[in-house]
Amino acid sequence: MEHALDDSATGRLTRDGIRLHEPRDFAGMHAAGRVAAEILDRVAPHVFPGQTTGEIDRLITEWVEQAGATSATIGYRGYRHASCISVNHVVCHGIPGDKKLKDGDILNVDVTVIVDGWHGDTSRMYVAGKLSRKAERLVQVTHDALMVGIEAVRPGATFGDIGHAIQSFVEERKMSVVRDFCGHGLGQVFHAPPNVLHYGRAGSGARLEEGMFFTIEPMVNLGRAETKVLADDWTAVTRDKSLSAQFEHSVGVTPDGAEIFTLSPAGLFQPTHG
């Protein structure tokens, strides 16, 4: 369920097929990003042992409607939920359901909303009950890897610079970066060029230009990087069943760096607030 792109509102394409948005488009992305971030701010009190991911998703669905927004995921390629909720060794695209959270479970909640045609896409980590030391370190490293990637964003840099910064940071801490999934361009469409890899060689790939909008969303595993997709065709898990974590921001390239569209209004994006 991709959404039509209004060329008159969204600038031109680079030779790599990446859209360069106009300065006025940043306001639309900020509005959408704020709604998505506010919804994730509201999730934290509802994550606890005994809670189901299905109930969290039901609340998110209500909050999207209350905000006057539209869920980008309901109906997307047959998906039926307003969020993806990925618990423990689930890397991404976890489907909400009836299974109850246990003490110490970590989970990523990923929400994308549409506000006035613009997409706000973000995810962050939560914990049910008490966070174990190894899980806390994984979550912290994943959060910091995202911010290292964002710091690499500036006109003239390359997408390889972003991936290299994230990969180097993670591997120096003896963890692994998932290679099977990546960030993506967005704006008035849910998914668009470029693919934003979270690994790579510095100086490689397309050059960043002012007006590009995309997500950075590294998935980091305590064990090996390999994943597999389950029979439901959505849920991706670590092959070795090691814990996995993910954080995601939507960003825009400015003249001197990156503007984050999905900052938490309540300051709750930090890794261990859950």
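In this predicted model, helix H1 passes helix H2 in a right-handed crossing. The residues that make this contact are Ile39, Arg42 and Val43 on the H1 side, and Ile56, Ile60, Trp63, Val64 and Gln66 on the H2 side. Sorted by class, the contact comprises six nonpolar residues, one polar residue and one charged residue. As for geometry, the axes of H1 (residues 25-43) and H2 (residues 53-66) come within 10 Å and cross at roughly 140°. The two helices H1 and H2 are therefore oblique to each other.

Helix H3 spans residues 133-151 and helix H4 spans residues 159-172; their axes lie 8 Å apart and the packing angle is about 150°. Angles over 145 degrees count as roughly antiparallel, so H3 and H4 are roughly antiparallel to each other. The crossing of H3 and H4 is right-handed. From H3, the contact draws on Val141, Asp144, Ala145, Val148 and Gly149, while H4 contributes Ile162, Ala165, Ile166, Phe169 and Val170. Here the classes are eight nonpolar, one polar and one charged.

Turning to the strands, Ser123 sits in strand E7, which covers residues 118-127. Ser123 counts as buried because its relative accessibility is 0%, where the cut-off for buried is under 20%. Its neighbours, leaving aside residues up to four places away in sequence, are Leu40, Asn108, Val109, Asp110, Gln246, Phe247, Glu248 and Phe269. With Asn108, Ser123 also makes a polar contact, side chain to side chain, at 3.0 Å.

Definitions and conventions: Residues are numbered from 1 along each chain as its sequence is written. This is a predicted model: local features need pLDDT of at least 70, side-chain atom pairs count only at pLDDT 80 or more; totals for chains, interfaces and linings use all residues. Side-chain values use heavy atoms; hydrogens and water are left out. Axes are lines fitted to C-alpha atoms, for helices over the stretch in contact, and angles run from 0 to 180 degrees between N-to-C directions. Helices (H or I, at least four residues) and strands (E, at least two) are DSSP runs, numbered from the N terminus. Angles under 35 degrees count as roughly parallel, over 145 as roughly antiparallel, 65 to 115 as roughly perpendicular and the rest as oblique. A crossing is left-handed if the near helix is turned anticlockwise from the far one by less than a right angle, and right-handed if clockwise. Contact means heavy atoms within 4.5 Å. Ala, Val, Leu, Ile, Met, Phe, Trp, Tyr, Cys and Pro count as nonpolar, Asp, Glu, Lys and Arg as charged, and the others, Gly among them, as polar. Buried means under 20% relative accessible area, exposed over 50%, partly exposed in between (1.4 Å probe, protein chains only). A polar contact is a pair of N or O atoms within 3.5 Å; within protein, one must be able to donate a hydrogen and the other to accept it, and residues adjacent in sequence count only if both atoms are side-chain atoms.
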